[in-house]
Amino acid sequence: MDFNMKKLASDAGIFFTRAVQFTEEKFGQAEKTELDAHFESLLARADSTKNWTEKILRQTEVLLQPNPSARVEEFLYEKLDRKVPSRVTNGELLAQYMAEAASELGPTTPYGKTLIKVAEAEKHLGAAERDFIHTASINFLTPLRNFLEGDWKTISKERRLLQNRRLDLDASKARLKKAKAAEAKATLWNDEVDKAEQELRVAQTEFDRQAEVTRLLLEGISSTHVNHLRCLHEFIESQTTYYAQCYRHMLDLQKQLGRFPGTFVGTAEPASPPLSSTSPTTTAATMPMGPSVADLAPPGEAALRLEEVAPPASGTRKARVLYDYEASDSSELALLADELITVYSLPGMDPDWLIGERGNKKGKVPVTYLELLS
């Protein structure tokens, strides 16, 4: 009991001495041991690494799981060391709704058939998203968390210990200075000065040792950057794979829907009226078709020779360009926002594209970049 009381009293005395030293430094009433420029640079780089790692981690979590409630739930499961329950992705839920809608509205109707096809594609997209989230969490988020919850906590602990050692060192320097001043006035015996010098040597040794330990940890930030760089490459690879899968699934869906042209043009069922006079996709789908052009070949055959394409006798429209568009090849027409062009469609042409003319220039233009004028 006496030992514990003495230890508590000693700890309280050390804490009080450090508090006094810290306060006097803040008010400029005490000298402070400054760290060298290289050490300060290591500290600044470590702090910057920690701050940006936190921001990148949090924003990646938002990217992978936009729902804040779901993120909180997953965080709680992790803290409780329990397995996070499997969650249906938005794409999979949409696929479920579309499949159920097709079943109720008629799976043999054009709309029902299309719903089934799209539902299958959305199901694949949802599965691809699930794989991407899982891979990114393991290869990217986990290493970032490990750094913040492991290495950084160790660095922070050693830095706090270094700060305490520095305060002890500066307090010892102040005591020695006062002891020497008192000795000069013959108010203290020499043993008081010797005691202060011994305390200073001990404090200096402990400070130097702790500074070396902290320096080594801070220099390890370079290894952290190398590890995070590798994880970043893996994250990009998983993201690239995910988007490539999405593109492939959507391309397959587009080809499947292309086998049902009645879904878009020339359907036997009454067409629904356009949602608005400025709906480019709907208006393009209901535009009159021009004469057949033999050069509008299907994929794998000869490309469309624009110089041989003539506008249809009827069915041309004026269109205002909504956004700038840079042509990807010679068959497309570059667009500038707010300019007016003449557009028309051709039989067998992709419904997302039209032929656009401006002066003596002609080329394919994307429907989504246009506002068709009445």
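**Entry 1: a pair in H7**

I began with arginine 230 and glutamate 234, whose side chains form a salt bridge at 3.1 Å, N to O; the term asks for a side-chain nitrogen of Lys or Arg within 4 Å of a carboxyl oxygen of Asp or Glu. This is a predicted model, where local features need pLDDT of at least 70 and side-chain atom pairs count only at pLDDT 80 or more, while totals for chains, interfaces and linings use all residues. I also noted that residues are numbered from 1 along each chain as its sequence is written, and that side-chain values use heavy atoms, with hydrogens and water left out.

Both residues sit in helix H7 (residues 221–258), 4 residues apart, about one turn of the helix. Helices here are DSSP runs of H or I with at least four residues, strands are runs of E with at least two, and both are numbered from the N terminus. I looked up the accessibilities too: arginine 230 is partly exposed at 43%, and glutamate 234 is partly exposed at 27%. In this scheme buried means under 20% relative accessible area, exposed means over 50%, and partly exposed lies in between (1.4 Å probe, protein chains only).

Next I checked arginine 58 and glutamate 61, which meet in a salt bridge at 3.6 Å, N to O. They are about one helical turn from each other, because they are 3 residues apart in helix H2 (residues 37–64). Arginine 58 is partly exposed at 44%, whereas glutamate 61 is buried at 18%. I found that Arg145 joins Arg58 and Glu61 in a network of salt bridges.

**Entry 2: a pair between strands**

I then turned to glutamate 371 and arginine 320, with a salt bridge at 2.6 Å, N to O. This one links distant parts of the chain, 51 residues apart: glutamate 371 belongs to strand S5 (residues 370–372) and arginine 320 to strand S1 (residues 317–321). Glutamate 371 is buried at 15%, and arginine 320 is partly exposed at 27%. For the whole structure I noted 14 salt bridges.

**Entry 3: cysteines**

How many disulfides are there? I got 0, taking a disulfide as a pair of cysteine sulfur atoms within 2.5 Å. I looked at two cysteines anyway: cysteine 231 is buried at 1% relative accessible area, and cysteine 246 is buried at 14%.

**Entry 4: phenylalanine 75**

Last, I visited phenylalanine 75, which is in helix H3 (residues 68–79) and is partly exposed at 45%.
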